[in-house]
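Work through each task before turning to its solution.

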Amino acid sequence: MTTATAPAADTVAPRRQSGVRRPSLLRLTAVELRKLVDTRAGRWMLISIGLIVVAVVTLLLIYAEDAEQTFFTFFVTSLLPVNVLLPVLGILSITSEWSQRTALTTYALVPRRERVVTAKLLAVVLAALASLLVTVAVAAVGTLVAPATGGAGTWQVDATLILNGALVQVTGVLMGAAFGLLLLNPPLAIVGYLLLPTLWSVLGGMVRPLRGPAEWLDTSRTMEPLFGNDALTGEQWGRLAVSLLVWMVLPLAAGLVRTLRREVS
């Protein structure tokens, strides 16, 4: 009777433990950018931004005074409506996980929620910068066309204006994302973002005791100098920083805490 002997240790094939690598932040950002285009609301929001810029420049070419048909006028005027839509895009990007009930899948694949939130914020910032490039391009085309229709078509603009435009677009979309993180509900976040700053702006102009604080907390006032060619003073930068702290940084921080703690069902 023979007994089976165990194979030698050196003949046993070693087991290989294969682990799944977590996706990089770059890949997560690319996924969030694709979500902006794949969803119907995000896709039409991006299309609307481009169409509005073209419409604004076209109307200026038709109805604006000849002397006002300049790159500065085309660019600054186009920024205003875009700056209203971009925060809504930020809100939809953040709240889509909860409104479309995909949060369970997303956070199961990427358990560290702060990485998903960071990717979403990076995606909307890139979308804001892309909208700025579209605005610059359309404004440039309008400036080239203006002389043919009798307009001035001048290019006298400081590079600081472009940088200020980027700051306006990025902070605007991040403010929207902050409200989205804080409220986690698309209609509620959109209404809150549009209503609260507007209400504060109205009260700051009507109620005398609030006029002083409004100079520091009303973003419509603190951002107004960014739409000019002149460099901001130290006091203007300070007022802008304080207003963004209240309307962007604090809601972002509070919203991140709520998102990390909220139960996913």
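**Exercise 1.** How many helices and how many strands are there in the protein chain?

*Solution.* The model is predicted: local features need pLDDT of at least 70, side-chain atom pairs count only at pLDDT 80 or more, and totals for chains, interfaces and linings use all residues. Residues are numbered from 1 along each chain as its sequence is written, and side-chain values use heavy atoms, with hydrogens and water left out.

Step 1. Helices (H or I, at least four residues) and strands (E, at least two) are DSSP runs, numbered from the N terminus. The protein chain holds ten helices and zero strands.

Step 2. The radius of gyration (taken over C-alpha atoms) is compared with a globule rule of 2.2 Å times the number of residues to the power 0.38. For the protein chain the radius is 25 Å, well over the 18 Å that this rule gives for 265 residues, so the chain is more spread out than a compact globule.

Step 3. The C-alpha trace spans about 110 × 50 × 35 Å along its principal axes.

**Exercise 2.** Describe how helix 6 packs against helix 7.

*Solution.* Step 1. Two packed helices are described by the angle between their axes and the distance between the axes. Axes are lines fitted to C-alpha atoms, for helices over the stretch in contact, and angles run from 0 to 180 degrees between N-to-C directions.

Step 1. Helix 6 (residues 159-183) and helix 7 (residues 186-206) pack at about 125°, and their axes are 9 Å apart.

Step 2. Angles under 35 degrees count as roughly parallel, over 145 as roughly antiparallel, 65 to 115 as roughly perpendicular and the rest as oblique. Helix 6 and helix 7 are therefore oblique to each other.

Step 3. Contact means heavy atoms within 4.5 Å.

**Exercise 3.** Is Asn164 buried or exposed?

*Solution.* Step 1. Asn164 is located in helix 6.

Step 1. Buried means under 20% relative accessible area, exposed over 50%, and partly exposed in between (1.4 Å probe, protein chains only). Asn164 has 5% relative accessibility and therefore counts as buried.

Step 2. Leaving aside residues up to four places away in sequence, Asn164 touches Leu226, Gly228 and Leu232.
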